[in-house]
Amino acid sequence: MTYPASSTTSAPSPGPSALSTSSAPAAPSASAGPIRVLLADDHTLVRRGVRLILDGEPDLTVVAEAGDGAEAVARAREGDVDLAVLDVAMPRMTGLQAARELSRRLPALPILILTMYDNEQYFFEALRAGAGGYVLKSVADRDLVEACRAVVRDEPFIYPGAERALVRSYLDRLHRGADVDGLPERPITEREEEILKLVAEGYTSREIGALLFISAKTVERHRANLLHKLGMRDRLELTRYAIRAGLIDP
């Protein structure tokens, strides 16, 4: 852009703060076109409602939909989306698992988590997975549009109330003498979480191995480690844990 010449020289005025709460959109330029959104949720009606909200904005357009996390990863890798909006609880691969996979494969792709869970553990997991924002479905009509714009600008979007969770977690870890620089530790590894979800969904060890490209014997070893680590005895207890952890719907 070419600016008119000026006879005086002055310092440029500071731009808006990255933490500004202004609702003014930072839309892409006309040549760039609207932000192309990938929307992933296993409920068709939810996707339809969210799509109506996003498509109603001049700088946002939903160009792809997915019904589970694995489909979302595959669709995003086709390369024509600017933002991934992911639900947390989805079949095969959760939104958090999909976010981790996308962060590894497409680190420049902004990710926004849209969920019904007002749960600080999910919030921390979303941050760990590489998401730039976390929006509750209950207030999507109020927060979703600005959250999309914020994460595309590489600005974090934190839903109201999450600040308290961050401060509470920090103070708790400080009190316990734990590391206060990182996020709370995860009780199980990412691979164990993938296997736990599929076990709880009823897949056999052979089927899980085929989905994750590992042997059935390796699946059984991970499953035994899960039982030992979580202090559980059987698949039923693992399934209950998966429900509590938000890996599957009850």
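Helix H3 (95–105) and helix H7 (190–200) each supply at least two residues to the lining of the largest cavity. The model is predicted: local features need pLDDT of at least 70, side-chain atom pairs count only at pLDDT 80 or more, and totals for chains, interfaces and linings use all residues. Residues are numbered from 1 along each chain as its sequence is written, and side-chain values use heavy atoms, without hydrogens and water.

**Exercise 1. Describe the lining of the largest cavity by residue and by class.**

Step 1. On a 1 Å grid over the protein atoms alone, a cavity is a set of points where a 1.4 Å probe fits but cannot get out; lining residues have an atom within 4 Å of a point.

Step 2. Take the volume. The largest cavity holds about 40 Å³. A volume is the space filled by probe spheres set on the grid points, which are joined across faces, edges and corners.

Step 3. List the lining. Met 93, Gln 97, Arg 100, Glu 101, Arg 104, Glu 190 and Glu 194 form it. H3 gives the most, with four residues.

Step 4. Sort by class. There are one nonpolar, one polar and five charged residues. Ala, Val, Leu, Ile, Met, Phe, Trp, Tyr, Cys and Pro count as nonpolar; Asp, Glu, Lys and Arg count as charged; the others, Gly among them, are polar.

**Exercise 2. Characterise the largest pocket.**

Step 1. A pocket is an open set of points with protein on both sides within 12 Å along at least five of seven lines.

Step 2. The volume of the largest pocket is about 460 Å³. Its lining has 16 residues; Ala 70, Met 93, Leu 211, Leu 212 and Phe 213 lie nearest the centre.

Step 3. Helix H2 (69–76), H3, H7 and H8 each supply at least two lining residues. H3 has the largest share, four residues.

Step 4. Eight nonpolar, one polar and seven charged residues make up this lining.

**Exercise 3. Give the strand order of the sheet and find its edges.**

Step 1. Helices (H or I, at least four residues) and strands (E, at least two) are DSSP runs, numbered from the N terminus. Two strands pair if DSSP finds at least two bridges between them.

Step 2. The open sheet has six strands in the order S2-S1-S3-S4-S5-S6, paired in parallel.

Step 3. S2 (60–66) and S6 (157–158) are the edges: each has a single partner strand, so one side of each lacks a neighbour in the sheet.

Step 4. Check one pair. S4 (residues 111–115) and S5 (residues 133–136) pair over four bridges. Leu 112 stands opposite Gly 133.
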